[in-house]
Number of protein chains: 2
Amino acid sequence: MTAKTLVNSKLVCVALNDKAQLAALEGTFNEAPYKKPPTQPVLYYKPRNTWSTEGAVVEWAKDFDGNDVAEMAVGASLGVVIGKETCRVSAEEALDYVGGYTIVADYSLPEQSYYRPDIKGKCLDTSAPVGPEIVAADKVATPEALTVTISVNGEQKSVFELANMERSVAELISIISRIMTLQPGEIIAVGFAGDRVAVNKGDKVEASIEGVGTLNNTLGGA
Amino acid sequence: MTAKTLVNSKLVCVALNDKAQLAALEGTFNEAPYKKPPTQPVLYYKPRNTWSTEGAVVEWAKDFDGNDVAEMAVGASLGVVIGKETCRVSAEEALDYVGGYTIVADYSLPEQSYYRPDIKGKCLDTSAPVGPEIVAADKVATPEALTVTISVNGEQKSVFELANMERSVAELISIISRIMTLQPGEIIAVGFAGDRVAVNKGDKVEASIEGVGTLNNTLGGA
């Protein structure tokens, strides 16, 4: 039996929300065609075919011809679960619209370029485990005080303190709610460490946030 | 009472599938950062908050501060409704996976740049009416023989013959099914005329495909 995804209707991810990553990309941002850093959050979707759960096997991706790809990578984010309809709220009131928090892992092909919407690399089947559960919003006083870690086969590979996000959870909810109305159960993955973690077939991956939980997944294809 | 959307779970749109548009952009494609035309279909999503229906009022978009935007535009596409689970199918067999056809209208902010994933401009609430109904696949022998027209307040503004698509319906299904597994009821909007049609508050818009139907919507905010 397949566990039910914790996502209702929509999983929106925020790219480029790691201050260190933005600083490292500054030179690239100033090249054509933009010639400046992004002025708004850069968003992408993980559609329904990507949604997966605590404990699930994440499929190893295949190329166009059906052969296994050479490389995959993982990032992890705090997942903000919307608690009630959210449309054009201010940053000051935004956290009142949060129903809870969870963890979103984002498995993908390695990112080749930050320019183009990378649907192919981001929308792999089963590539977005969410869980292990939704922790009530009142259990988390300040989301920016949390730290997201990723361990692979028991070895810690990534530590991302959410204090280093370019935009806070409240700012993101406010901005996104002016772009699209959010509904209860929709989830925003608010920020990933700029450096994704390389993974191999059969790896056991733990994405963890103290006070929110640990999300365990295994890479398939071994 | 609100009519129920015809979309199940996912609405994927194909950008840049008009041969004339591709030809017009050739110079831009050859500039930095890509220095060549896209080699794969460029896809974008219309998420659940965008889904709307025949006869619905499409909300006039607001800017960050809640003021009405100056301009909106509309495109229309044949909507291909997936009939059964579709994963890594060949172009030759792809049409066997189609359950039916409908019309997808795509209201948006005017496109500023083809480079960046334009979540803000494309994900407006109610901006993707789909309908008026789903016509069974066996009623359409050759989707590329169809023509999509858009009329505003009774005056024809756009004619797009699907024979002028860069990639056929079968090719698109085959390619997309290698990127993500498609489920019954998910819809692909396979191609829009490169020139979107400007619309104003209160306009009555008809998107029409002979043999598939006419999708009628009105712009709000008048």
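Which residue forms a salt bridge with A:Asp68? A:Lys62 does, and the closest N and O atoms are 3.1 Å apart. One caution before I go on: this is a predicted model. Everything I show today is computed from that model.

Let me stay with that pair. A:Asp68 is partly exposed, with a relative accessible area of 35%. A:Lys62 is partly exposed as well, at 39% relative accessibility.

Now move over to chain B. There, B:Asp68 meets B:Lys201 in a salt bridge, side chain to side chain, at 2.5 Å from N to O. This pair links distant parts of the chain, 133 residues apart. B:Asp68 sits in the loop between strand S4 (57–58) and strand S5 (72–82) of chain B. B:Lys201 sits in the loop between strand S11 (197–199) and strand S12 (204–209) of chain B. How exposed are the two partners? B:Asp68 has a relative accessible area of 33%, so we call B:Asp68 partly exposed. B:Lys201 comes out at 36%, and B:Lys201 is partly exposed too.

Over all chains, the structure holds 14 salt bridges.

Next, Asp106. I'll take chain A to begin with. A:Asp106 lies in strand S6 (residues 98–108) of chain A. Buried or exposed? A:Asp106 is buried, because its relative accessible area is 0%, and the cut-off for buried is under 20%.

What does the side chain of A:Asp106 touch? Start with the polar contacts. One goes to the side chain of A:Tyr44, at 2.6 Å. Another joins A:Asp106 to the side chain of A:Lys122, at 3.1 Å. Leave aside the neighbours within four places in sequence, and the residues in contact with A:Asp106 include A:Ala73, A:Val74, A:Gly75, A:Ser127 and A:Phe192. A:Lys46 and A:Arg196 are on that contact list too.

Charges come next. A network of salt bridges links A:Lys46, A:Asp106, A:Lys122 and A:Arg196. So this buried aspartate, A:Asp106 at 0% relative accessible area, belongs to a salt-bridge network.

In chain B, look at B:Asp106 and B:Arg196. They form a salt bridge, with the closest N and O atoms 2.9 Å apart. This is another link between distant parts of the chain, 90 residues apart. B:Asp106 is in strand S6 (residues 98–108) of chain B, while B:Arg196 is in the loop between strand S10 (187–189) and S11 of chain B. B:Asp106 is buried, at 0%. B:Arg196 is partly exposed, at 21%.

On to the sheet. Which strands make up the open sheet of 5 strands in chain A? The order is S4-S13-S12-S8-S9, and the pairing is mixed. Strand S4 (57–58) and strand S9 (155–161) of chain A are the edge strands, each pairing on one side only.

Strand S8 (residues 147–152) and strand S12 (residues 204–209) of chain A run antiparallel, joined by 5 bridges. A:Thr149 has A:Ser208 in S12(A) as its bridge partner. A:Ile150 stands opposite A:Ala207 in S12(A). In a regular strand, side chains alternate between the two faces of the sheet.

S12(A) also pairs with strand S13 (residues 213–219) of chain A, again antiparallel, over 6 bridges. Here A:Ala207 has A:Leu215 in S13(A) as its bridge partner. The hairpin of S12(A) and S13(A) has 3 residues between the strands. In that hairpin, A:Gly211 takes a positive phi near 90 degrees.

Last topic: how the chains meet. A rotation of 180 degrees, with 0.0 Å of shift along its axis, superposes chain B on chain A at an RMSD of 0.0 Å. That is the relation of a two-fold axis. The copies meet through the same surface, because 100% of the interface residues of chain B are also interface residues in chain A.

What about area? About 3200 Å² is buried between chain B and chain A, and carbon and sulfur atoms give 60% of that. Between the two chains there are 0 salt bridges. There are 13 residue pairs in polar contact.

H5(B) is largely enclosed by the rest of the structure, because 9 of its 11 residues are buried. Among them are B:Leu172, B:Ile173, B:Ile175, B:Ile176 and B:Ile179.

Note on methods:
Residues are numbered from 1 along each chain as its sequence is written. Chains are lettered from A and ligands numbered from 1 in the order in which they are written. This is a predicted model: local features need pLDDT of at least 70, side-chain atom pairs count only at pLDDT 80 or more; totals for chains, interfaces and linings use all residues. Side-chain values use heavy atoms; hydrogens and water are left out. Helices (H or I, at least four residues) and strands (E, at least two) are DSSP runs, numbered from the N terminus. Buried means under 20% relative accessible area, exposed over 50%, partly exposed in between (1.4 Å probe, protein chains only). A polar contact is a pair of N or O atoms within 3.5 Å; within protein, one must be able to donate a hydrogen and the other to accept it, and residues adjacent in sequence count only if both atoms are side-chain atoms. Contact means heavy atoms within 4.5 Å. Copies are superposed by least squares on the C-alpha atoms of residues with pLDDT of at least 70 in both. Two strands pair if DSSP finds at least two bridges between them. Buried area is the accessible area (1.4 Å probe) that two parts lose on being put together, summed over both. A salt bridge is a side-chain nitrogen of Lys or Arg within 4 Å of a carboxyl oxygen of Asp or Glu.
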